[in-house]
Amino acid sequence: MSDHSKTDVVVHDGSDPLSVGEKDLDRFPNPGLPEHKHRLSDESEAGAKRVERQIVILFVLSLLASIGGVVGYFVFPLDATLGSVRASTLSIGLGLGVGMLGIGVAAVHWAKALMSDVEQVDERHAQRSDDATRADAIQALKDGADDSRIARRPVLKGALVSAVAVAPLAFVVPLVGNLGGDWNVRKFRYTMWGPGVRLARDPDGGLIRPEQVTIGSVWHVIPDGLLGSEHMLEEKAKAVVLMVRMNPSELTEAPERADWSWDGIVAYSKVCTHVGCPVALYEQQTHHLLCPCHQSTFDVSDGAKVVFGPAKRALPQLPITVDDEGYLVAQSDFHEMVGPSTWERERYSDLPVSDEEKAH
Amino acid sequence: MSTTTPLAKAAGGTADFFDTRVGAGKMVKEFARKVFPDHWSFLLGEIALYSFVVLLLTGTFLTMFFVPSMTEVHYPEDALPVAMRGVEMSEAFASTLNMSFHVRGGLLMRQIHHWAALLFMASIVTHMMRVFFTGAFRKPRELNWVVGFTILILGLAAGFTGYSLPDDVLSGNGLRITDGVVKSIPVIGSYMSFMIFGGEFPGTEIIPRLFTAHILLVPALILALIAVHLVLIVVHKHTQYPGPGRSNRNVVGYPLFPVYVAKAGGFFFVVFGVLAIMGATLAINSVWAYGPYDPSPVGAGAQPDWYMLFLEGSLRLMPGAPEFVIAGYTLSLNVLIPAVVVPGVLFTALAVYPFLEAWATGDKREHHVLDRPRNVPTRTGVGVAILTAFIILVLAGSNDILATHFNLSINSITWVFRFLFFAGPVIAFIVTKRLCLALQRRDRELVLHGHETGRVVRFASGEYIEVHQPLTDHERWLLVGHEPVRPLEIGPGENERGVARPAYKKAVRRSKVSNFFFADRVEPVTPSELAASHGHGEHDEIESAESNEGLLTNASTRG
């Protein structure tokens, strides 16, 4: 084999760009196009007539269907249904579809069965320009460059490039500058929760007493006062909480969080620490909380730590207690940023957030 | 012109009008009878083109009724559907409901639009597979591959921006995932999130912004690139499959007018017709069943559109461990790797592949005759490996559906896919490459021995053989017409005077890549090999099967 490759060196240098399959000496010759076989419709007028009839029928079918679609638009009231589909949708759609399909199938059938199917041959030419053309092109560019008098004027070149490079900034900076609103990314740090903010049911806003929260139940919670607030969706996106109650003996709590729960009731941010989906699936037996988006699984009985999936951090816990009137309330805001990680999230966690900043 | 009938006279007049103003005659002469080759796989790109036209048409219909606004409204008490009456929602969602229930044909157009988007992406991907596996991306078409690749990326952008517009709870959670991924970008993540949403998620700006991207920026870019794509097809002339009479210097097929006007034009109507029937009968994205966006609820078992599933799967497979805090700053590799690095590697590999292969072959010639995938085993193997990785990610994006349908543990499924993501492509590469080599050996055997006839003959000596019927020239050409590609050979590292050759290390690297591609190979039968196999006389069929072995591959010696 090595002999073989030495004797018949294949030149691939592109000197003849179309020579693929030609330089090897020991090759079979291309046998050329096979003999053309005629179709039935080429040989008998009756066959051709039959094809013509089929094509006409397809066009007529298309015509009728298109008319049917228009009729369907007018005759069917919006609430009329056929089976589970609205009659209007179905009739217009089928009219349009069969109308189009009829034309298409007719045209393709015509092309395949009636139009000449004798194969034709075109020659290819290499993409490359011939040497004379290339020389002319280079000369043209040289002439143009000479005419521009740019060749020995570096300052002019520099000035041109600088001006063109800087000019778009006057467009791009205002565009990008405005895109981010107030750019106050510290808003990620805090939510509506704060000392004494009552826990309310999502979505109706009803307040919650601890005795309503039975062991094993799971509650979707929002801060009282969220509904009707100014930036409702933005606040809700950060403040949603999932609350469960379990037997206090099943609960493992870190010493510094010992008073964050209320008689087995724990509240955690519902925003996944992976990429922010609502963590909504609670499994009562295992106390596992599963994010339906990417299956990060958190153990609610043990600080909502990650037990499986792509999240790294535990869900932030909302410290809760019960106020004088017997409603569940937050002791404070979350002690860390909720939701997915950002570059600076650890920095925020150290910073105390003043009420003025939040009110702002 | 000696025209007689009024119609012919009018046609002549029109032709003269255009020819004397824009030189139409020259164009018609050049293009009317241009020859295009015929093959079903060339239709895949056409499906993409036509579904894009359908997207433009139905999309225009939808813009007449869609309100790209996040202003909160209460859905009217007298409007359909009943379940949504009085519900608080954005105008975007309300207008989507309105066009689905109160505009005749509105739901139909929404559904055609959505199906057309899915088909657009599917046909781009399959078209790209056809181009890849047949080597249609080779010189001079590398740039057109890059153009097509860019259209694929823009198609993803179009699908993503459009999917989010109805502002329903499913697409809203999709946007929230996007927000989470963006936030993980080092240093600027938080600011990128603010830039996209105009403040905190979800804000009131994202729908109008996505709308502008979806109906203006992205489609304009796609349209422009489609134009470039088509012009380059004309400039290069279409590739053709190998066959008798077809060579690198010609193109064999049918003329544009009338055959392709009818076939390709007709095919547009076929694609439109099929999509319209799908839109009429197959419900898709019934957003009123999900409800308007609310940051709290989420549907279990929710799936993005298929072309986004691989990203979803990538996010799902990644374990959470590699999130690090370095000097007080958080680096979320558990998000960056699956959402940025994995697709980045996948797409970069696709985009640069033609240049990589050209470098490995050292071949500077033009290639207009397509490869049979078996004749390029390494490329075919690489392609199948990439597809395998993609499919595993798609399946991983459906792991919850797999778990509930097949009653399996989601944790085990995820672990299996984590393993398969690495092992699957390697196995697929090896198996595919070996299958290709085996198919080539089969081709060789067929050329050398001919067809089995089932006719057994006994010689006077008492020996039995089966009579084989030699291939005709036309049959044989398909199996022997391709040119074998051998690894690049590099000379010694020093010249005759013992001086180290410059750039020798680069040459060694190149030769390694070239060996990876072409060291294992089966070369087509040459006339002398065929003659030799016949030269053995009446026992040729049996003996050539043995001598054949030595000719197949020198892979083991080359290491």
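What follows is a friendly conversation about a predicted model.

Colleague: What makes Met192(B) count as buried?

Modeller: Met192(B) belongs to helix H8 (residues 189–197) of chain B. A residue is called buried if 20 or more other C-beta atoms lie within 10 Å of its own. Met192(B) has 20 C-beta neighbours inside 10 Å, so it counts as buried.

Colleague: Which residues is Met192(B) in contact with, leaving aside its neighbours within four places in sequence?

Modeller: They are Val182(B) and Ile185(B). For a contact, the C-beta atoms have to lie within 7 Å. Val182(B) is 10 residues from Met192(B) along the chain, and their C-alpha atoms are 6.6 Å apart.

Colleague: How much of chain B is buried?

Modeller: By that count, 43% of the 559 residues of chain B are buried. Chain B has 20 helices and eight strands, and its C-alpha atoms fill a box of roughly 100 × 85 × 60 Å along the principal axes. Take the contacts in chain B between residues at least 6 apart in sequence: 73% of them join residues at least 24 apart.

Colleague: Where in chain B is confidence lowest, and where is it highest?

Modeller: The lowest is in helix H20 (residues 555–558) of chain B, with a mean pLDDT of 36, and the highest is in helix H3 (residues 43–63) of chain B, at 98. The average pLDDT of chain B is 91, and 95% of its residues score at least 70. Over residues 537–559 of chain B, however, pLDDT stays under 50. Where pLDDT is low, the predicted coordinates should not be read in detail. For that stretch the model has 25 contacts beyond four places in sequence. As for scores of the model, ipTM is 0.91 and pTM is 0.92.

Colleague: What makes strand E4 (199–201) and strand E12 (317–318) of chain A edge strands?

Modeller: Five strands of chain A form an open sheet in the order E4-E5-E6-E7-E12, with antiparallel pairing. E4(A) and E12(A) are the edge strands: each pairs on one side only. Within that sheet, five bridges join strand E6 (residues 241–245) of chain A to strand E7 (residues 265–269) of chain A. Met243(A), for one, has Ala267(A) in E7(A) as its bridge partner.

Colleague: Which domains does the assignment give for chain A?

Modeller: It gives domain 1 (40–113), domain 2 (142–179) and domain 3 (191–359). The C-alpha centres of domain 1 and domain 2 of chain A are 58 Å apart.

Methods:
Residues numbered from 1 in each chain as written. Chains lettered and ligands numbered in written order. Predicted model: local features only at pLDDT ≥ 70, side-chain atom pairs only at ≥ 80, totals over all residues. Domains from an automatic or database assignment. pLDDT = per-residue confidence, 0-100. Helix = DSSP H or I, 4+ residues; strand = E, 2+ residues; numbered from the N terminus. Contact = placed C-beta atoms within 7 Å. Buried ≥ 20, exposed ≤ 12 C-beta atoms within 10 Å, placed from the backbone. Pairing = 2+ DSSP bridges.
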